[in-house]
Amino acid sequence: MNIMDFNVKKLAADAGTFLSRAVQFTEEKLGQAEKTELDAHLENLLSKAECTKIWTEKIMKQTEVLLQPNPNARIEEFVYEKLDRKAPSRINNPELLGQYMIDAGTEFGPGTAYGNALIKCGETQKRIGTADRELIQTSALNFLTPLRNFIEGDYKTIAKERKLLQNKRLDLDAAKTRLKKAKAAETRASSEQELRITQSEFDRQAEITRLLLEGISSTHAHHLRCLNDFVEAQMTYYAQCYQYMLDLQKQLGRCFPSNYCNNNQTSVAPAPSASSNVIGSSALSSTSGLVITSPSNLIDLKECSGSRKARVLYDYDAANSSELSLLADEVITVFSVVGMDSDWLMGERGNQKGRVPITYLELLN
């Protein structure tokens, strides 16, 4: 028998098997044939694998949207990944905003209050952009890649073996149907032999599929570790961004007040931040670093007849000779003067004396 004859016979056998499975499947759907049910444990494992696949895909896709909101950029990165080429580096939104702010500040003049503030904000935005880039890289490596490997690797293997199990079951049930229809002794003996073979193949494939499916628990444990890595990456990112903005707030607090006073010639005390409308007294928590102010300190400072010690919260440059420049964390003596604006106190450091903004102080007991 030559190779061509062998191939023809093989194709004929495959066609016969396919037709037999199709007939069995159709009769099952029409309720005209019996169907071998899988055991409950195997059914539960199949359901768990399918559920894992569905939610892994959803989490993976939404994480990609979170890390890269631009759909065109995601498509481009996907194409480069499939071509096994590195995607070109592109400037992200915080970096672009930062560059615009720096360019605007340079044109307005670094020596002006607005120009200087724009440059400082721009530099901070670019740092946030760098942190954002690091978050994307870390998350892609430690979180998205393992999820994608499961979908494109492990689950594809499970789906392949599951389909093979379905075919073996159809073969088994088709063999059972033929045995029921067999009347001649010779035909019946042949059908019984076929049934034993198909039953053995079905049992073996069910065991292979079961072993693969039981690995889903290990997959969940691995994805849990990856999830922890993702949370740590986000925690690092948000901590960096918070620190960058905290530093920026302090920088703006040093340059904004005196320039504001010079430009507006007003005796209203400047506020170092939008939330600092009273004197700071204690931190909200050891981890937040936010200073919450106490209204009672304002009353104590303004109504006390003598002098008190106060800690300086922020640097302050005196706008004129009537004011006293301050350095963060230094301790000075303060007291009220009759007729002085309610936003100011008289400060004293050694032989130096001058007005100080009340929002820059924390009263000490």
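# Exposed and buried residues, and helix packing

Asp329 is exposed, with a relative accessible area of 55%; the terms are buried for under 20%, exposed for over 50% and partly exposed in between, using a 1.4 Å probe and protein chains only. Asp329 sits in the loop that joins strand E3 (308-312) to strand E4 (331-335). Although Asp329 is not a glycine, its phi is positive, about 80°. Helices (H or I, at least four residues) and strands (E, at least two) are DSSP runs numbered from the N terminus.

The model is predicted: local features need pLDDT of at least 70, side-chain atom pairs count only at pLDDT 80 or more, and totals for chains, interfaces and linings use all residues. Residues are numbered from 1 along each chain as its sequence is written, and side-chain values use heavy atoms, leaving out hydrogens and water.

## Helix packing

Helix H5 (residues 113-181) has a contact with helix H4 (residues 93-108): the two axes come within 7 Å and cross at roughly 160°. Here axes are lines fitted to C-alpha atoms, for helices over the stretch in contact, and angles run from 0 to 180 degrees between N-to-C directions. H4 and H5 are therefore roughly antiparallel to each other (under 35 degrees is roughly parallel, over 145 roughly antiparallel, 65 to 115 roughly perpendicular, and the rest oblique). Their crossing is left-handed, meaning that the near helix is turned anticlockwise from the far one by less than a right angle; clockwise would be right-handed. The contact of H4 with H5 has 11 nonpolar, nine polar and four charged residues. In this count Ala, Val, Leu, Ile, Met, Phe, Trp, Tyr, Cys and Pro are nonpolar, Asp, Glu, Lys and Arg are charged, and the others, Gly among them, are polar.

H5 also packs with helix H2 (residues 40-67), at an angle of about 150° and with the axes 10 Å apart. H2 is therefore roughly antiparallel to H5. H2 passes H5 in a left-handed crossing, and their contact has 15 nonpolar, four polar and six charged residues.

What is the angle between H2 and helix H6 (residues 185-213)? Their axes cross at roughly 45° and come within 10 Å. H2 is therefore oblique to H6. The crossing of H2 past H6 is left-handed.

For residues 158-192, UniProt lists "coiled-coil region" in an unreviewed entry; such annotations may be inferred rather than shown by experiment, feature names are shortened, and positions follow the numbering used here. Over residues 158-192 the chain is 91% helix and 0% strand, with the end C-alpha atoms 31 Å apart.

## Single residues

| Residue | Relative accessible area | Class |
|---|---|---|
| Cys226 | 5% | buried |
| Leu135 | 9% | buried |
| Cys241 | 12% | buried |
| Leu97 | 38% | partly exposed |

Leu97 belongs to helix H4. Along the chain, Leu97 and Gln125 are 28 residues apart, and their C-alpha atoms are separated by 6.8 Å. Leu135 belongs to helix H5. Leu135 and Tyr237 are 102 residues apart in sequence, while C-alpha to C-alpha they are 6.3 Å apart in space.

How many disulfides does a search of the whole structure find? The search finds zero, where a disulfide is a pair of cysteine sulfur atoms within 2.5 Å. In general, a disulfide is a covalent bond between the sulfur atoms of two cysteines.
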